[in-house]
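The sequence and structure are shown first.

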Amino acid sequence: GGAEVGSSGPPVESALLGLGLAAKEHCSVRGEALCRRVLVVGDGNLSYSKALCQALLRRWGRDEQEEGETRDPDECSQGSGSKREVLRGVEVTATCWPAETELAAMHPSSLVHRGDIQHCGGLVFAGVDATELHTTPSICPWAVRAKNDVTTRGSTSVCPVEEGYDRVVFNFPQHPSHKKIQFQRTLLRKFLVSARGLIDSRDGQVWVTLKGGQGGSRAELPEYARDYNTTWQVQEQAAHAGLVLVEVLPARVDSLVQWGYQSTGFRNGDRQFVTGGALVHVFQAPCPTARRVLHPLRYRRDISFWVGQSFSEPRLRSLLKSIF
């Protein structure tokens with residue numbers, strides 16, 4: 001889940017710092033080179049997005065750019081004309097739930113992290129609802145265009161290849177009512193349904209990081225596994241979005257911490273929480289090029305029926321085998 005880096009700085013060990021991305025230099029649309037696009041959701045203090053930008057900067061290389069010369073003039077920092085290093089071949093968009101007016105008060109460190117992200121050429125948007133990504137203009141502009149286009153009104157918007165995200169990442173989602181498991185499941189389901197319309201249809205993925213035992217998949221470590229009915233049932237929530245589990249990876253939060261990541265959200269505050277046994281669940285839409293489904297869902301049902309004197313159990317077994 002990582003890559004070799006230079007001798008200076010912490011090693012890129014966590015899969016969350018690479019996201020399984022490969023260069024898209026060989027891909028193009030209408031003759032224009034494509035850029036990897038990453039959307040980070042629910043990054044309260046923006047520390048994960050900062051860590052991701054800095055790790056990718058080291059791993060993918062960098063370009064020099066005039067200070068203040070960014071993709072979005074509204075997001076550029078006030079510069080003095082000096083050179084700065086920006087990510088090459090990848091765009092990172094960081095979002096968080098708190099509104100602009102609340103962000104600094106809830107997470108004081110977010111101001112520094114925001115500046116670091118923008119300094120790497122990334123974008124930051126506050127007040128973004130993870131369950132309404134598909135209706136947020138700054139995140140999903142093609143849906144807004146389709147809504148306003150009278151020729152396509154009422155039809156389902158399709159994510160354009162050049163605008164879709166290669167990765168949508170949500171680390172440690174948490175509903176404010178943290179003790180009500182049905183709310184956590186609903187949050188996951190709505191997020192996954194919303195994110196499904198944002199990912200690149202060819203190889204886009206949704207990455208969801210959960211604490212040990214929360215997801216409920218068969219990949220849970222034995223010491224964290226718990227009764228399935230007490231989990232968030234992440235695979236079932238993904239099924240509502242038409243997504244399947246293709247990979248489960250250790251989160252290795254300790255490696256993230258080396259890059260400046262700080263988990264927040266304990267009791268809805270800025271305090272850190274325990275992340276032992278955390279797993280990254282990688283989801284993808286079924287397609288010919290998708291990887292094999294990992295730990296497919298299984299359903300078991302009891303059935304009963306009346307039988308006559310001519311009933312034969314071997315014949316029934318043979319019939320069921322021919323069907324299933």
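## Burial and model confidence

A residue is counted as buried when its relative accessible area is under 20%, and as exposed when that area is over 50%; values in between make it partly exposed. The model discussed here is predicted.

The mean pLDDT of the protein is 81, with 76% of its residues at 70 or more. Residues 1-8 have a pLDDT below 50, and beyond near neighbours in sequence this stretch has 14 contacts in the model. Residues 70-81 likewise have a pLDDT below 50, with 23 contacts beyond near neighbours in sequence.

## Salt bridges

Six salt bridges are found in a search of the whole structure. One of them joins Asp-203 to Arg-36, with 3.5 Å between the closest N and O atoms. Asp-203 belongs to the loop between H5 and S9, whereas Arg-36 belongs to strand S3, so the pair ties together parts 167 residues apart in sequence.

Arg-37 and Glu-91 form another salt bridge, at 3.1 Å from N to O. Because Arg-37 lies in strand S3 and Glu-91 in strand S6 (residues 90-95), this pair ties together parts 54 residues apart in sequence. Both Arg-37 and Glu-91 are buried.

A salt bridge also connects the side chains of Glu-100 and Arg-114, again at 3.1 Å from N to O. Glu-100 is in helix H2 (residues 100-106) and Arg-114 in helix H3 (residues 110-119), 14 residues apart. Glu-100 is partly exposed, with a relative accessible area of 46%, whereas Arg-114, at 16%, counts as buried.

## Helix H1

Helix H1 comprises the 14 residues 47-60, and its first and last C-alpha atoms are 20 Å apart, close to the 20 Å expected at 1.5 Å a residue. Of these 14 residues, 11 are buried, so H1 is largely enclosed by the rest of the structure. Among them are Ser-47, Lys-50, Cys-53 and Trp-60.

## Helix H5

The 16 residues of helix H5 (residues 181-196) should span 22 Å at 1.5 Å a residue; the end C-alpha atoms are 23 Å apart, which agrees. The buried residues of H5 include Gln-184, Arg-185, Leu-188, Phe-191 and Ala-195. The partners against which the buried residues of H5 pack are strands S3 (36-41), S8 (167-171), S9 (205-210) and S11 (279-284), together with helix H6 (234-240).

Key. Residues are numbered from 1 along each chain as its sequence is written. This is a predicted model: local features need pLDDT of at least 70, side-chain atom pairs count only at pLDDT 80 or more; totals for chains, interfaces and linings use all residues. Side-chain values use heavy atoms; hydrogens and water are left out. Helices (H or I, at least four residues) and strands (E, at least two) are DSSP runs, numbered from the N terminus. The expected span of a helix is 1.5 Å times one less than its number of residues. Buried means under 20% relative accessible area, exposed over 50%, partly exposed in between (1.4 Å probe, protein chains only). Contact means heavy atoms within 4.5 Å. pLDDT is the predictor's confidence in each residue, from 0 to 100. A salt bridge is a side-chain nitrogen of Lys or Arg within 4 Å of a carboxyl oxygen of Asp or Glu.
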